[in-house]
Amino acid sequence: MDKYIMALDQGTTSSRCIIYDRQGSQISVAQKEFKQYFPKEGWVEHDANEIWTTQITVAHEAMLKAELTYKNIEAIGITNQRETTVVWDKNTGEPICHAIVWQCRRTAEYCDELMKTPGLVQEIKNKTGLLLDAYFSATKLRWILENVPGARERAEAGELLFGTIETWLIWKMTGGKVHVTDYSNASRTMMFNIHTLQWDEDILKLLDIPVSMLPKPVPCSKVYGETVETLFGGPVRIAGSAGDQQAALFGQTCFEAGEAKSTYGTGNFLLMNTGESPIISKNGLLTTIAWGLDGKVNYALEGSVFVCGAAIQWLRDELNLLTDAAQSEAMALSVEDSAGLYMVPAFVGLGAPYWDPYARGAIFGITRGANKNHLIRATLESMAYQCSDLLGAMSQDVGKTLPLLKVDGGACANNFLMQFQADILGCPVERPACIETTSLGAAYLAGLATGYWKDKEDVKANRLIEQVFDPAMDELHRDELLAGWSKALSRTRDWDKSER
């Protein structure tokens, strides 16, 4: 009987299931979007039950398309939107409120208050590798405990459980038997000590979070348990889990220190493998766990841009400038340049390396001759500029420039964007044949745990390069464009706190 790996890719706007064979080729794909909730300005929420139902629906759909049963599935690997926070009743399995999404800025002011505590910012950075920011799960969890009626009392009575999305899915799939989080996701909560691989007692005490709520930290490649038989008709092993960006790093086979990838999805995320030793950034980047595998832990430096592909969605859904994101390439190429336009998509503030939750989006340089094609081009260019900012900070931290950038994610299919990215970085950009490396990484982690793939060399043999984009822009023009970007970016800073 042919065996395959099922990858559950639970993203910010949709749930997907992709089934892979031994060559890393996609056998079947299914996807379903789910609702986004914006109850207040800067707040973003999801319905955790809808995430669960859409994820299982697409899993069944992918199996049906390929005419597979549970017996054909060797194992399940999970990758997920990170930092998004779910709290549920351990007895009923019902979430006590909507999930608070990674993009949500509701705890920004609380983080500002915490920053006044002497030495706390550095302590959190040293222990967790993260900055003290509303982006991460810790202050989101505290907000739920403080603001949902009865939550704190129920949590302290041991009735509530916390998890990021992979924890929620594993708990649901195993019928509530397994409450775990993999190291990569745990490292994004701002409660996890990345050196000891344990929840940090001091941070939990500071935020008044009961340890009984927290899942058990586990490696990224390991059999965690089996699905309940009623889910697929029989038990299937759940054997791998990693946050979406770490999974993409693994799927890109960035197994050696110094290798890096950039994922262009809802946001843009640049990660560099730094080996078995963490590097604490001095330039606004995060130190994170890349993965736990074979009894070892690999670390990574990460730069996170909150809005990337979401900016094109905004042009499509809110401004109606295009009907499909794929149109953006032809529209951008229909004009010679962006006509001096700079679009800064700081819709929910700025992430790395600036970390300004009060920045807001803006368009600069508008003249009478500017049209929608110029704006679309400027929006695509903003993705490349933001990635360039991240890479500049990363090069300073590691003391060398990157010779090659591997790319993935939906927007990397845009040839205009990839060529402009190579031009702005001044280094080659390499696009693999499979740009869905997030789900592929989750599949590899699960397959390595069960012996479906023998080792990392076995995995590497599957990698195919589709295209390499070499830089073609002269240095003077590049510097001029980057200077304009820097000027535009500076005008968006601290906007929401400024006097108007």
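Q: Which residue lies over the face of W143?
A: A charge sits over a ring if NZ of Lys or CZ of Arg is within 6 Å of the ring centre and within 35 degrees of the ring normal. At 4.5 Å from the ring centre, the residue over the face of W143 is R106.

Q: What kind of model is this, and which pLDDT do side-chain atom pairs need?
A: Residues are numbered from 1 along each chain as its sequence is written, and side-chain values use heavy atoms, with hydrogens and water left out. The model is predicted; local features need pLDDT of at least 70, totals for chains, interfaces and linings use all residues, and side-chain atom pairs count only at pLDDT 80 or more.

Q: At what distance from the ring centre of F255 does K456 lie?
A: K456 is placed over the face of F255. Its distance from the ring centre is 5.5 Å.

Q: How many residues apart in sequence are the parts that the pair of W314 and F347 ties together?
A: Helices (H or I, at least four residues) and strands (E, at least two) are DSSP runs, numbered from the N terminus. W314 lies in helix 11 (residues 309-317), while F347 lies in the loop between strand 19 (342-344) and strand 20 (362-364), so the parts tied together are 33 residues apart.

Q: Is Y385 buried or exposed?
A: Buried means under 20% relative accessible area, exposed over 50%, and partly exposed in between (1.4 Å probe, protein chains only). W314 is partly exposed at 26%, and F347 is partly exposed at 29%. Y342 and Y385 form a tilted pair, 5.8 Å centre to centre with 35° between the planes. Y342 has a relative accessible area of 13% and is buried; at 1%, Y385 is also buried.

Q: What is the volume of the largest cavity?
A: On a 1 Å grid over the protein atoms alone, a cavity is a set of points where a 1.4 Å probe fits but cannot get out, and a pocket is an open set with protein on both sides within 12 Å along at least five of seven lines; lining residues have an atom within 4 Å of a point. Grid points are joined across faces, edges and corners, and a volume is the space filled by probe spheres set on the points. The structure holds one cavity of 30 Å³ or more. The volume of the largest cavity is about 90 Å³.

Q: Which elements give two or more residues to the lining of the largest cavity?
A: The lining has 15 residues, with V305, L350, G351, A352 and Q386 nearest the centre. The elements are helix 13 (372-398) and helix 17 (475-492).

Q: Which residues lie closest to the centre of the largest pocket?
A: This pocket has a volume of about 1000 Å³. Of its 43 lining residues, the closest to the centre are Y264, G265, T266, G410 and A411.

Q: Which element gives the largest share of the lining of the second largest pocket?
A: The second largest pocket has a volume of about 660 Å³. Its lining counts 22 residues, and Q36, F38, Q103, A310 and Q313 are the closest to its centre. The largest share, five residues, comes from helix 11.

Q: How many disulfides does a search of the whole structure find?
A: A disulfide is a pair of cysteine sulfur atoms within 2.5 Å. The sulfur of C104 is 11 Å from the closest cysteine sulfur, in C97, which is too far for a bond. C97 is partly exposed at 23%, whereas C104 is buried at 1%. The number of disulfides found is zero.

Q: What is the phi of M190?
A: M190 is in the loop between helix 7 (183-186) and strand 10 (192-193), and it is buried at 1% relative accessibility. M190 is not a glycine, yet its phi is positive, about 70°.

Notes. Phe/Tyr/Trp six-rings, centres within 6.5 Å; stacked < 30°, edge-to-face > 60°.
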